[in-house]
Amino acid sequence: MGELKGEAADVAENDVADVIERAYLRALNAADADAEDAVDLSASALAAAGSGPAASGAASAANDALLALTDRLVRSCWTRGWQPADVVRIARRRLTDGHARLAADLITAEARTAPAAAASKDPRWAAQLAELAAAGPWNGDGTLLAAHGRRERLDGFSAAVSVMELLRLLGRLPRITPVAAPTAACAAAHRHAAPLLGRIRALLAKAESTDFPEEAEALSSKAQQLMARHSIDEALIASDAGAGGSDGPGACRIGIDQPYEGAKALLLDAVAAANRCQAVWAGDVGFSTVVGFEPDLEAVELLYTSLLVQADAAMLRTAKGAGNGSGNGSGKGRNGKARHGGSRSKDFRQSFLIAYAGRIRERLADATEQATHAPDLPAERLLPALAARDVAVRDTTTRMFPTTTSHRLKGRDHEGWTHGTEAADRAVLGGRQ
């Protein structure tokens, strides 16, 4: 307790920026076993430094010092390979939703003062910032600490604890493989394809929401045709232009949310492979990096999202029918004890998604084979062009991730496996079926 009072006195006697910096360093450098106490002590100093009316000189100076520190930390995340969506995702994963919202506050605040915003060069970066801004983060009015406390309904000390917990996380994030911004040609292609991609998203959204299978089939078929044709046209144009006229493969990150991350990563890998991309899953940070050519990366992101939505809907329908005595609901196991498994159990859902991903892989491979050998396409030009792109994607993936490991997932619930396979057979892929 004496140390807490000493920190409060320091606020009045020393430069407030130095007090906040020392508070952060104490939280950052504490061993994991001592982290909670160190964060509490640091939060006490931060709360004392930022106490008082928002318009007061002390509160304003503390807010300026805190923002200078958070801007520096956020920019250090960028230099270590992280992107805005990654930081928000890891904050939610390692801490809470409230910390994720606070991370969005810090990122949008940094973007307002960034000397050379990465968003000006990277359309995906710009899209991530736009998505964060659409959620209504702190707009700079008042102080960051007070705004965070009001939104999360925290007292001053609890808000300071939340801030220090996030700053400790940001300061300890490891360096990860960076994802380079698209070249000028890729960025131009992205802007040129934006209306088409918007149309594809709208088609898939309608396919996911309709209750009429025939309508879903027609909508998704049109979306898949647009995606496949766009990718093939890009490959032929690049082939005609020669090696010098085509940009190499790029990469993007796609979040893999808890729970059942392994099964979801398996589904993304199936979608990536069908679209001539490669996916590398980083389970500890909650995303996969997908390597491929720009049109194919767009197709992967769109189709994966659609198939995951369909899988979730199918699991929900199965869960609702679990208590009807059909064998999926609660009952008694062989040991005579009550069984609360069925479609609501972890094993069921894990098995469901693994089987779903495996069957989707088979269906997508068949659809890709048919689309590639369509009679109206010039096989003598297209097949060598696609083969060259496959080699380029593999080389780029190996360069970015020279060391990878394979993971084998097993489904342990027979009913989950059966229902997952059936759901994959019903899932709408589009294209020729």
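The tour goes from ring pairs to a charged side chain and then to the cysteines.

This is a predicted model, in which local features need pLDDT of at least 70 and side-chain atom pairs count only at pLDDT 80 or more, while totals for chains, interfaces and linings use all residues. Residues are numbered from 1 along each chain as its sequence is written, and side-chain values use heavy atoms, with hydrogens and water left out.

**Aromatic pairs**

Rings of Phe, Tyr and Trp (for Trp, the six-membered ring) pair if their centres lie within 6.5 Å; planes under 30 degrees apart count as stacked, over 60 as edge-to-face and the rest as tilted. By this rule there are 3 aromatic pairs.

Select Trp78 and Trp125. Their pair is edge-to-face, with 4.9 Å centre to centre and 75° between the planes. Trp78 belongs to helix 4 (residues 57-79) and Trp125 to helix 7 (residues 123-134), so this contact ties together parts that are 47 residues apart in sequence. Helices here are DSSP runs (H or I, at least four residues), numbered from the N terminus.

Now colour by accessibility. Buried means under 20% relative accessible area, exposed over 50% and partly exposed in between, with a 1.4 Å probe and protein chains only. Trp78 is buried at 18% relative accessibility, and Trp125 is buried at 9%.

Next, select Phe352 and Tyr356. The ring centres of Phe352 and Tyr356 are 6.4 Å apart with the planes at 15°, so the pair is stacked. Both residues lie in helix 14 (residues 346-372), 4 residues apart, about one turn of the helix. Phe352 is buried at 0% relative accessibility, and Tyr356 is buried at 1%.

**A charge over a ring**

Select Phe293 and Arg389. A charge sits over a ring if NZ of Lys or CZ of Arg is within 6 Å of the ring centre and within 35 degrees of the ring normal. Arg389 lies over the face of Phe293, 4.0 Å from the ring centre.

**Cysteines**

How many disulfides does a search of the whole structure find? The search finds 0 disulfides, a disulfide being a pair of cysteine sulfur atoms within 2.5 Å.

Select Cys252 and Cys277. For the sulfur of Cys252, the closest cysteine sulfur is in Cys277 at 7.8 Å, too far for a bond. Seen from Cys277, the closest cysteine sulfur is that of Cys252. Cys252 is buried, with a relative accessible area of 3%, and Cys277 is buried at 5% relative accessibility.

Note on methods: Helices (H or I, at least four residues) and strands (E, at least two) are DSSP runs, numbered from the N terminus.
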